[in-house]
Amino acid sequence: MKKFSILSLLIFVLGFGICLSCSWFFSSAILSANFSTATNKVAVEKQTLYAICINRCSNPTQLDEEISTLQNQNGAGFVFEKDGQFLLLASLYQNQSDAEKVKNNLVASGTNCSVEKLTVSAKSISGNFTSQQKDILSQCLKINLQTFKDLYDVAISLDTKVFDKPKAKLECNNIFAKLIAVKTNFETFFETDLSKTSFKEIKSALEKTESCLSKLIGENFENAGQTFSSLIKLTYFKILF
């Protein structure tokens with residue numbers, strides 16, 4: 001009887017230990033799965049930018065003459081539809097304070113204008129990615145905003161005479177080269193995924209940006225009097241919106 005009790009106790013202890021081990025294993029597996037899902041989502045947050053609006057109307061054709069005039073004076077001349085109206089935009093800023101300073105200077109010089117908030121939507125993609133693939137996807141999702149920042153810097157340098165036109169063109173060539181590198185890496189690492197909807201969207205966005213930058217460095221002006229600074233600004237508007 002005593003031997004049976006000791007044997008039963010040993011079996012009970014062994015069984016209890018196995019149960020604890022299994023419980024720990026499954027809990028760890030669940031936590032690992034949740035962690036894996038979280039770390040394999042690549043995303044960029046929504047961005048709010050601030051544009052200088054020169055005019056607005058309900059019919060975009062009414063802005064045609066003003067577009068050419070603005071583009072001849074270094075403004076983008078980009079028409080953006082918002083809340084049922086068409087806005088004629090001159091330039092774009094990351095910070096509201098910068099946009100307000102420009103607006104105030106324009107108003108002081110006799111130009112009626114306003115600051116308009118524009119939103120760049122959040123983007124994300126999920127899947128089983130390596131760290132290198134995640135880095136490439138992150139670059140793809142951020143490339144349009146980064147391209148805007150780079151082009152903005154070139155336009156400001158050109159307007160303030162820090163760059164002359166040849167230097168500005170060289171910088172635009174470098175921005176184009178950065179885009180091509182990101183696009184090439186994407187197509188190389190995700191060659192077998194390009195037929196999937198989410199990857200098609202990324203590929204399409206990259207191709208659109210490539211087209212816009214190609215027209216910029218090829219100096220495809222909207223009109224005979226458009227300045228290169230205007231073309232840079234128009235390009236970053238087209239890339240983002």
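Where is the place of Gln133? Gln133 sits in helix H4. Before going on, note that this is a predicted model.

Gln133 counts as buried because its relative accessible area is 16%, and the cut-off for buried is under 20%. Leaving out residues up to four places away in sequence, Gln133 touches Asn128, Phe189 and Phe190.

Next, the core. The largest nonpolar core contains 64 residues. Those with the most contacts inside this core are Leu89, Leu92, Leu137, Leu151, Phe186, Ile232 and Phe237. Helix H4, residues 131-159, gives the largest share of the core, 12 residues. As general background, nonpolar side chains in soluble globular proteins tend to be buried together.

Take Phe186 from that list. With residues up to four places away in sequence again not counted, Phe186 touches Ile136, Leu137, Cys140, Leu194, Phe199, Ile202, Lys203 and Leu206.

Now the cavities. How many cavities of 30 Å³ or more are there? The count comes to one. The volume of the largest cavity is about 30 Å³. Its lining consists of Ser91, Leu92, Tyr93, Tyr152, Ala155, Ile156, Asp159, Lys233 and Tyr236. By class, that lining has six nonpolar, one polar and two charged residues.

Which elements supply at least two residues each of this lining? They are strand S4 (85-93), H4 and helix H7 (228-240). H4 provides the largest share of the lining, four residues.

How values were computed. Residues are numbered from 1 along each chain as its sequence is written. This is a predicted model: local features need pLDDT of at least 70, side-chain atom pairs count only at pLDDT 80 or more; totals for chains, interfaces and linings use all residues. Side-chain values use heavy atoms; hydrogens and water are left out. A nonpolar core is a set of buried Ala, Val, Leu, Ile, Met, Phe, Trp, Tyr and Cys residues joined through side-chain atoms within 4.5 Å. Buried means under 20% relative accessible area, exposed over 50%, partly exposed in between (1.4 Å probe, protein chains only). Contact means heavy atoms within 4.5 Å. On a 1 Å grid over the protein atoms alone, a cavity is a set of points where a 1.4 Å probe fits but cannot get out, and a pocket is an open set with protein on both sides within 12 Å along at least five of seven lines; lining residues have an atom within 4 Å of a point. Grid points are joined across faces, edges and corners, and a volume is the space filled by probe spheres set on the points. Ala, Val, Leu, Ile, Met, Phe, Trp, Tyr, Cys and Pro count as nonpolar, Asp, Glu, Lys and Arg as charged, and the others, Gly among them, as polar.
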